[in-house]
Amino acid sequence: MSEEKKLPEQSLQASLIVCILLNTLVTIVKEICHPVKAFITQIFGNHWVGHMVLLVLLFLLLVILFKTIKINPSFNFNRALRFSIILSVILLVLFYCTKYSLHTD
Amino acid sequence: MKIVFIVSHVLFGVAGTICAMISLHHLLKSEPAKFKRYASWEFLSTLVAALTGGWYYVYYYQQDKPIILNGAFPLAHHLFMEVKEHLFIALFLISLFLQIRIRFTTIASDIGFQKESKEVLYSLIVLGLSMSVMGVFVSMGFRVNQ
């Protein structure tokens, strides 16, 4: 599967991990800080559309940015991907369960 | 029109997960051409699922939301829909990553790339199945009040 080099793979991998974690962070910030949600809604018409567009743009931007940064060669992408997904699921479920229980109290 | 967007969202979402499974199967059998082809179909399906689901969410879900919230199972929105809509963004990014990785980067080490692709496809399958289950709960939250 050898191909011509075009993009450094590590910058792409690091960008994905950062964006998965940022996705969770932005979700929580958006829910806690309503002006942030209102600002995104004002620009994109809907907070979810804005969230998705911003994250995809950030992902592509970080790929370019990380090209200039030297990433630790011991960076284990497979482990980092698994960790970031599990952490995101746990944080999102815990956050929305807490929000729901506070809302119904 | 609403039903068209919901059905398309579900069908393309499930098709994306099935394509990820087939892609993984060809990766494990060391058939790179078929692996890449099905990975591309997976991305396209996920993209269409995002567009149809997004269209439904923006233009129709706001009318359905109060029915769920005032019904017997409000957790369908408060937990399942909220987690689903935000976790889907992670799924889409992983799918986009795989496409860029296949097309625009060095695939120098076959073993390293195969291990990485395996992990990515497993993640896509698990997230895709989770989306389906959460979608069932959201649908249940709406239907229980009908």
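This passage describes the two chains of a predicted model and the contact between them.

Of the 105 residues in chain A, 28% are buried. Contacts across the sequence are well represented too: 73% of those in chain A between residues at least 6 apart join residues at least 24 apart.

Chain B is likewise built from helices, with five helices and zero strands, arranged as α-α-α-α-α from the N terminus on. The C-alpha atoms of chain B occupy a box of roughly 55 × 25 × 20 Å along the principal axes. Buried residues account for 43% of the 146 residues in chain B. Among contacts in chain B between residues at least 6 apart in sequence, the share joining residues at least 24 apart is 82%.

Turning to where the chains meet, the contact draws 33 residues from chain A and 31 residues from chain B. On the side of chain A that touches chain B, at least two residues each come from α1 (9–32), α3 (47–67) and α4 (77–104) of chain A. The largest share of that side, 12 residues, belongs to α4(A). Sorted by class, the side of chain A that touches chain B holds 21 nonpolar, seven polar and five charged residues.

How values were computed
Residues are numbered from 1 along each chain as its sequence is written. Chains are lettered from A and ligands numbered from 1 in the order in which they are written. This is a predicted model: local features need pLDDT of at least 70, side-chain atom pairs count only at pLDDT 80 or more; totals for chains, interfaces and linings use all residues. Two residues are in contact if their C-beta atoms, placed from the backbone, lie within 7 Å. Helices (H or I, at least four residues) and strands (E, at least two) are DSSP runs, numbered from the N terminus. Ala, Val, Leu, Ile, Met, Phe, Trp, Tyr, Cys and Pro count as nonpolar, Asp, Glu, Lys and Arg as charged, and the others, Gly among them, as polar. A residue is buried if 20 or more other C-beta atoms lie within 10 Å of its own, exposed if 12 or fewer, and partly exposed in between; C-beta atoms are placed from the backbone.
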